[in-house]
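The structure is shown below.

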Amino acid sequence: MGSVATAEIKLDPDRPFLRVQFSGTADLKCCYKDGPQNFTWIKSNSSKVSKETQMYPVKLSEDVVQNYTESEGKVCGILILKKVKLSDTGLYQCFLNKEVQTHGTYLQVFRPMEKTLNLSESTKNKILTAEGVLLLLCVVIPSASLLLKSKSVNRLEMKKMKHEEENIYQGLNLEDCCTTYDQIERSQAQSQYQDVCNAMGEKEESLLEKP
């Protein structure tokens, strides 16, 4: 294809972000209409030293393959990165000419966290034992606390009942109790004497009445 005016090229939205695990495969794509078939993949990243953005063409190899498809006037550039490395992180764009580049896709390569703890069997057993002891303490301590609290409540109730009984006894006058008791005994004795006297009187009257 010949040269194409910049105003005629219509860019499709690119995927803005792609996150791939270390040693995985990244598939990047840029699509446009009314543009050239010839394009170049460029990568941009920030320099750690100067903090400036650096742009350079992507180097093709067995692990970095470039291809394209064309359908109904739309051209899609494809870039496949196999076994990606951390250094592959950056912004990838299709460079169509000096004035036109696609929006681009930012590729982030991450390394999964690895387990760094290498515990021996004896250490694992100690950890399990400690967990068992802690679990036992979590059960025993609340139970003991509840038991002590219950005993304390019972003790307070006993003291309260004893105090109430003492107050009852303190409210009674022993002299009045004794006087009342004596009066009851006297009244009972007098009633008995009166019964005996009445019985004797009735007997004498009955003897007098007989001829």
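In this predicted model, cysteine 30 and cysteine 94 form a disulfide, with their sulfur atoms 1.7 Å apart. The bond spans distant parts of the chain: cysteine 30 lies in strand β3 and cysteine 94 in strand β8 (residues 90–95), 64 residues apart. The link is left-handed, with -80 degrees about the S-S bond, and both cysteine 30 and cysteine 94 are buried.

A disulfide also joins cysteine 31 to cysteine 76, at an S to S distance of 2.1 Å. Here cysteine 31 in strand β3 is linked to cysteine 76 in strand β7, 45 residues apart. The torsion about the S-S bond of cysteine 31 and cysteine 76 is about 115 degrees, so this disulfide is right-handed.

The count comes to two disulfides. With the bonded cysteines numbered in sequence order, the pairing is 1-4, 2-3.

| Cysteine | Relative accessible area | Class |
|---|---|---|
| Cysteine 31 | 11% | buried |
| Cysteine 76 | 10% | buried |
| Cysteine 138 | 54% | exposed |

Strand β3 (residues 26–33) and strand β7 (residues 74–81) pair in the antiparallel sense over eight bridges, and cysteine 31 stands opposite cysteine 76 in β7. These strands belong to an open sheet of four strands in the order β1-β3-β7-β6, with antiparallel pairing. Strands β1 (10–11) and β6 (64–71) stand at the edges, each with a single partner strand, so one side of each has no neighbour in the sheet.

How values were computed. Residues are numbered from 1 along each chain as its sequence is written. This is a predicted model: local features need pLDDT of at least 70, side-chain atom pairs count only at pLDDT 80 or more; totals for chains, interfaces and linings use all residues. Side-chain values use heavy atoms; hydrogens and water are left out. Two strands pair if DSSP finds at least two bridges between them. Helices (H or I, at least four residues) and strands (E, at least two) are DSSP runs, numbered from the N terminus. A disulfide is a pair of cysteine sulfur atoms within 2.5 Å. Buried means under 20% relative accessible area, exposed over 50%, partly exposed in between (1.4 Å probe, protein chains only).
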